[in-house]
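Have a look at the sequence and the model first, and then we can walk through the main points together.

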Amino acid sequence: MWQPLTSPVSKTAVVPGSPRITRGTFSITKGNPSPAASMRWVDYFYSEKGALYLSDGPEGVIWKYAKNKDGKQVRVYAKGITADNKEERRGKITPAYGLTIPTLSTDNDDNPLLPTADAPTLSNFSKFIRQETEQKVTPYAKVPFPLTYLTKSEQSDVSAVENDLKTYVEQSVAKFITGVTPMSDWDNYVKTIKGMGVSKYVQVYQKAYDRWAK
C-alpha cells in the first residue's frame with residue numbers, strides 16, 4: 001500500500017475514511033405486525049452470538065462447541081464439513097452469503113467472533129493487509145461526510161435528482177481525468193449540474209449536516 005499523497009490543494013496527506021457503519025441492510029414494512037419484535041431480532045444480529053448465528057447457523061448444523069487440548073472452548077466443524085464444501089453448506093442456511101446484512105463485520109478469514117479449532121483466525125495475507133492499513137492509511141483517514149439522516153420531506157427533495165446527478169458527475173469526472181472532455185468545458189459542466197438541481201441537493205444535505213453538527 002502507498003501512503004496518501006499531498007497536492008497543491010491539500011498540503012496535508014488525507015484519504016477518505018469509512019464511518020464503519022453500513023446502512024440500508026434491512027427494512028420494516030408498514031404491514032409488519034410487530035415492529036418492536038423485528039427490531040429486537042435485528043439487534044440480536046449485532047451481538048456476537050447473533051452474528052455467529054447469522055453467519056454459520058445454529059450450533060449442531062455445520063459446527064459445534066468443543067474443548068481443545070488447553071481446555072479452551074472453540075468451534076469445530078461437523079462431520080463431513082470440509083474446507084471444500086463449508087461455504088456451499090453455509091450458503092444454504094444463511095443470508096450472510098454475498099449479501100449486505102444487518103450484522104457485525106470482521107476480517108476473520110474463516111468465521112467471525114470465535115476461532116475454529118482447525119483454522120487460523122487470520123491468514124498471513126490478511127495480517128499483511130491489516131498491518132499496511134494501520135501504518136499507511138489509518139493515520140491519514142478522515143470521514144469526508146458524516147452519516148446524516150434526512151426528513152421525509154428532504155428525502156423527497158433529493159430523490160428526484162440524486163441518481164441522475166450522481167451518474168452525470170461520476171461520468172464527467174472520469175472524462176475530465178482521461179481527457180475525453182477538456183477542462184475548458186468546466187463552466188458548461190457546472191451550468192449543467194446547476195440545471196439538474198445540485199443547489200437544492202447541497203442545501204438539503206447542508207441542513208442535515210448542521211443538525212448532525214449540533
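**Starting from one residue**

Leaving aside neighbours within four places in sequence, Val204 is in contact with Leu150, Glu154, Asp157 and Val158. Please keep in mind that this is a predicted model.

**Nonpolar cores**

- Val204 belongs to the largest nonpolar core, which has 9 residues; Val158, Leu165 and Phe176 are among the others.
- Helix 5 (152-178), helix 6 (186-195) and helix 7 (198-213) are the elements that each give two or more residues to this core.
- Helix 7 gives the most, with 4 residues.
- Another core, of 5 residues, lies apart from that one and includes Ile62, Trp63, Tyr77 and Ile81.

**Overall fold and shape**

- The chain has 7 helices and 4 strands, and they follow the order β-α-α-β-β-α-α-β-α-α-α along the sequence.
- The radius of gyration is 23 Å, well over the 17 Å that the globule rule gives for 214 residues, so the chain is more spread out than a compact globule.
- The C-alpha trace spans about 70 × 50 × 35 Å along its principal axes.
- Of the contacts with a separation of 6 or more, 60% are between residues 24 or more positions apart.

- Buried residues make up 25% of the 214 residues.

Methods
Residues numbered from 1 in each chain as written. Predicted model: local features only at pLDDT ≥ 70, side-chain atom pairs only at ≥ 80, totals over all residues. Heavy atoms only, no water. Rg over C-alpha atoms; globule rule 2.2 N^0.38 Å. Buried < 20%, exposed > 50% of the residue type's maximum accessible area, 1.4 Å probe, protein only. Contact = heavy atoms within 4.5 Å. Core = buried A, V, L, I, M, F, W, Y, C linked by side-chain atoms within 4.5 Å.
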